[in-house]
Amino acid sequence: MTRFRFLGGFTALVFFPSVLFSHSSLMAQNENAGQTFSDNVLLQPWAGPFGGLPPWSSVRIADFEPAFDHAIAATQAEYQAIADAPDPPTFANTFVPMEKAGRMLRRLETVFDVHTSNLNVGPIPDLERSIVPKLSEHSDWITQNEKLFERIEAVYEQLESGDFTVAQKRLVDDAYKTFVRKGAKLNSADKAKLSQINKRLARLFTDFSQNVLEDEKGYVTWIDDEADLAGLPDSVVTAMKSAATEKGRPDQWAITNTRSSMDPFLTYAKNRQLRERVWRNYYSRGDNGDKYDNNASISEILKLRAARAKMLGYETHAHWRLEPTMAKTPEATMELMLRVWPKALARVKEEVADMQAIADDEDPGVTIEPWDYRYYAEKVRKVKYDLDFNEVKPYLQLEKLREGMMWAAGELYGLQFKTLSGIPVFHPDVRVWEVTDADGEHVGVWYLDPYAREGKRSGAWMTDYREQSTMDEVRTPIVSNNSNFVEAPEGEVTLISWDDAVTLFHEFGHALHGLLSDVKYPSQSGTNVARDYVEFPSQINEHWLSTPEVLNRFAVHYQTGDPMPQELLDKIEKASTFNQGFGTTEYLASALIDMKLHLAGDADIDPDVFERETLADLGMPEEIPMRHRTPHFAHIFSSDSYSAGYYSYLWSDALTADAAEVFEDKGTYYDKEAAQSLYENVMSVGDTIDPAEGFRRFRGRDVDTAALLRKRGFPVD
Ligand SMILES: [Zn+2]
C-alpha cells in the first residue's frame with residue numbers, strides 16, 4: 001500500500017490510498033491569512049480535461065503548509081468515519097471507503113512531491129523539513145487507529161468463509177498485514193514510542209537528502225587551462241562551458257558534482273590528477289566531515305530502524321522490510337547476490353588486466369586506480385570491439401528515440417500518443433501527451449520533464465500523479481517520466497548517450513506499467529507492486545531500444561538523417577556484455593552493504609569503518625568504488641523505501657532476463673502473442689495477483705536465474 005517512485009528512488013512518503021472528499025465543516029472553520037480553504041487551489045479537485053489535471057500554473061508555495069494541515073485533518077476525519085461506522089464490518093463498508101479516503105491529500109502530495117523532486121529551490125527545502133514529519137505522524141495515526149484496525153481484522157477473519165474476488169482477498173490480506181507490520185497490535189506505550197521513532201526518522205531522511213544535494217551543489221571542479229580539456233568530446237566540453245557560464249564564470253569550464261558530469265569526465269579526460277579530484281569530490285558526497293556530513297545521521301537511522309524492528313517482533317530491519325516482497329527473506333536475496341558476486345569479481349580481474357595492458361603501453365608507471373577505470377575501459381572498448389560511443393551519439397537524438405519508444409508501445413500494446421498543448425506545466429521544459437488505445441479511446445496522460453537543472457534531483461524516475469482505477473467511476477492514469485539529460489543549446493538537437501537512451505526506455509517501462517493498469521482498486525493499481533518486482537516491467541522495456549526495428553527507424557543521424565550503419569549496430573550488439581564486471585560489481589557492492597547494514601541489528605555502526613571492513617571481507621576489488629557509497633546512498637537513507645531493498649534491481653533483472661528469452665525464442669521482440677501475454681499477466685494486473693503467479697503465467701514456469709548470468713556474459717554453472 002505504500003507509494004514510491006522509481007530508479008531515483010528518493011523520498012517515498014508513505015500514504016494510504018486516497019480519494020476525493022470534500023469536508024465542508026473543516027473548510028468553514030479553517031482560515032489562513034484571510035484566505036479560506038475553498039480558495040486554496042491545492043485542496044480543490046483538479047480541473048480540466050480527462051477527469052482533471054494537476055493545476056501546476058496556479059500553485060502558490062505559501063499555500064502548501066496550511067493545505068497539508070487541512071488535508072491531513074480532513075483525511076483523518078474520513079478514516080474516523082469508517083472506524084466509527086455502526087454496521088458490522090464488511091469489505092463494502094470498510095475497504096471500499098478506505099480506497100476512497102484521502103484523495104485530497106493524495107492530490108496535494110502529488111503536487112508537493114514534484115516541488116521537492118523537480119523544483120527543490122527557494123523555500124522548498126525548509127517546507128519539506130516541516131511537512132515530512134507531519135506526514136509521518138499522519139501515517140501512524142491511521143495504522144494506530146484501534147477501531148479502524150478492529151474492522152480490518154474482522155474482515156480479514158472473514159476471508160476463509162466469505163465471498164471475495166481474488167483481488168479483494170489480496171487487498172484485505174495486504175492491508176491487514178501492513179497494519180500489523182506497522183504496529184497496529186502494539187500496546188499504546190509502544191505505539192507512542194514507534195511514532196516517535198518514525199517521526200525522528202522522517203526528519204533524518206530529509207536531512208540526509210538535503211545534505212547530499214548540498215554537496216552536489218557545493219563541490220565544483222573548475223578548469224581554466226584549455227589544455228586540461230584534452231581527450232574530452234566536444235559535447236562534454238560544451239556542457240562544461242554552459243555549466244560554468246550558468247555559475248557566472250564564462251571564461252572557465254565546470255565539472256559539477258553529479259553523476260551526469262562526473263561519468264563522461266572520468267571516461268575521457270586525459271588529465272589524471274583532475275580525474276582523481278573529480279572522482280574524490282563525487283564519492284565523498286556526505287562524507288566531508290563538515291556540517292553536511294551524513295555519517296552521524298546514518299548511525300542514528302540504523303539504530304532507530306533496529307529498535308523499531310525489534311519492537312515489531314522482527315529479528316532485524318531487513319527481516320521486517322523483506323516480509324512483503326517477492327524474495328520474502330534476507331537469506332533469499334543474499335543467495336542470489338552471492339551467486340552472481342564471484343562471477344562479477346572474476347570478470348573484473350579480466351577487465352583490469354586488459355586495462356593495465358593498455359596503461360603499460362600508453363602511460364607507463366600507471367597502476368589502475370578507481371579514477372582510471374572508466375578511462376581505460378573506454379580504450380579497451382575501442383581496441384577490443386572497435387566501438388567508440390562518440391560515433392554512436394550523433395544517432396541518438398532524444399526526440400527521435402522518444403518517438404521510437406512510443407512507436408514500440410504502439411506495436412506491443414496498441415498505444416497512440418498525441419501531443420497536448422495548453423496544458424498547465426510546472427516548468428517550460430515539461431511536455432504532455434494524451435495516450436489512447438488502438439481504437440482511439442482515452443487511456444491516460446503522460447508528462448515528460450527531460451532536462452537537468454538546479455534543484456532537480458539527480459537520476460531518473462517515474463511518478464504517478466493519479467493511479468488508474470474503476471472502483472466507482474473510471475479514473476484514468478496520469479504518469480510522468482523525469483530525467484537529467486543535458487539540453488543542447490538553443491537551436492541545436494539534443495543528443496544523448498547510449499546509457500541515457502537505455503534509461504529513457506527504462507523509465508518509460510514504468511510509465512507503461514502505470515498507463516496499462518486495468519484494475520478496480522487504486523491501491524492495487526499499476527506500479528503499486530512489490531519493490532523487487534516493480535523493476536521488471538521497466539527493465540524489460542529497455543530491450544526494445546536495441547531492436548533493429550527501433551534503431552533503423554529512430555536512431556538516425558542528426559545531420560544526415562541516415563540510420564545507424566549496420567556495422568555500428570553489430571559492434572553495439574557484440575559489446576553488449578562489455579564492462580559487466582565493473583557494472584555488476586559497483587552495483588552489487590552497494591546492494592550487499594545495504595543488506596548487511598540492515599542485518600547488523602542494533603550494533604554501533606561507524607558507516608565508513610563498516611563499509612571498509614565489509615568490502616574487504618567480500619573481496620571488493622580496489623579499482624572499483626560502490627555505485628553509491630554509504631554517506632550518499634539516498635536509495636536507503638532518504639526514506640525507508642529501498643532500505644534492505646537495493647537488491648531489488650538484481651531480483652527484477654533475473655525475472656527480466658528470463659522473460660526476455662520468451663521474445664528471443666520467438667525470434668522477434670514484436671511477437672503479438674508474447675506481447676499480449678505480457679500485457680495480460682504483467683502490465684495490466686497491478687497488484688491484483690501474486691507477482692510470482694503473474695510471472696509464472698507469462699513464462700510458463702518459475703524464474704530460472706541462469707538467464708541473468710547469460711545476459712551479463714557470465715558463465716552459468
Ligand atoms: Zn526503475
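**Contacts around Gln144 and the overall fold**

Setting aside residues up to four places away in sequence, Gln144 touches Lys191, Leu194 and Ser195, where a contact means heavy atoms within 4.5 Å. The model is a predicted one, so local features need pLDDT of at least 70 and side-chain atom pairs count only at pLDDT 80 or more, while totals for chains, interfaces and linings use all residues. Numbering runs from 1 along each chain as its sequence is written, and side-chain values use heavy atoms, with hydrogens and water left out.

Back to Gln144: it sits in the loop between α5 (124–143) and α6 (146–157); helices (H or I, at least four residues) and strands (E, at least two) are DSSP runs, numbered from the N terminus. Gln144 counts as buried because its relative accessibility is 18%, the cut-offs being under 20% relative accessible area for buried, over 50% for exposed and partly exposed in between (1.4 Å probe, protein chains only). A polar atom of the Gln144 side chain lies 3.0 Å from the backbone oxygen of Lys191.

Ser195, one of the residues touched by Gln144, belongs to helix α8 (residues 188–218). With a relative accessible area of 16%, Ser195 is buried too. Apart from neighbours within four places in sequence, Ser195 is in contact with Asp140 and Gln144. The Asp140 link includes a polar contact between the two side chains, at 3.2 Å. Such a contact is a pair of N or O atoms within 3.5 Å; within protein, one must be able to donate a hydrogen and the other to accept it, and residues adjacent in sequence count only if both atoms are side-chain atoms.

Zooming out, the protein has 28 helices and 9 strands. Its C-alpha atoms fill a box of roughly 80 × 60 × 60 Å along the principal axes. Of the 717 residues, 61% count as buried. Among contacts with a separation of 6 or more, 76% come from residues 24 or more positions apart.

Glu490, in the loop between β9 (478–485) and α18 (498–515), is exposed, with a relative accessible area of 82%. The C-alpha atoms of Glu490 and Leu171 are separated by 50 Å, and the two residues are 319 residues apart along the chain. Gln676 is found in helix α26 (residues 672–683) and is partly exposed, at 40% relative accessible area. The side chain of Gln676 makes a polar contact with that of Glu680 at 2.7 Å. Between Gln676 and Pro54, 622 residues apart along the chain, the C-alpha separation is 32 Å.

Finally, some backbone angles. Phe50 is not a glycine, yet has a positive phi of about 60°. Phe50 lies in the loop between β2 (35–36) and α2 (64–83) and counts as partly exposed at 24% relative accessibility. Asp386, also a residue other than glycine, has a positive phi near 55°. Its place is in the loop between α15 (373–385) and α16 (389–392), and at 46% relative accessibility Asp386 counts as partly exposed.
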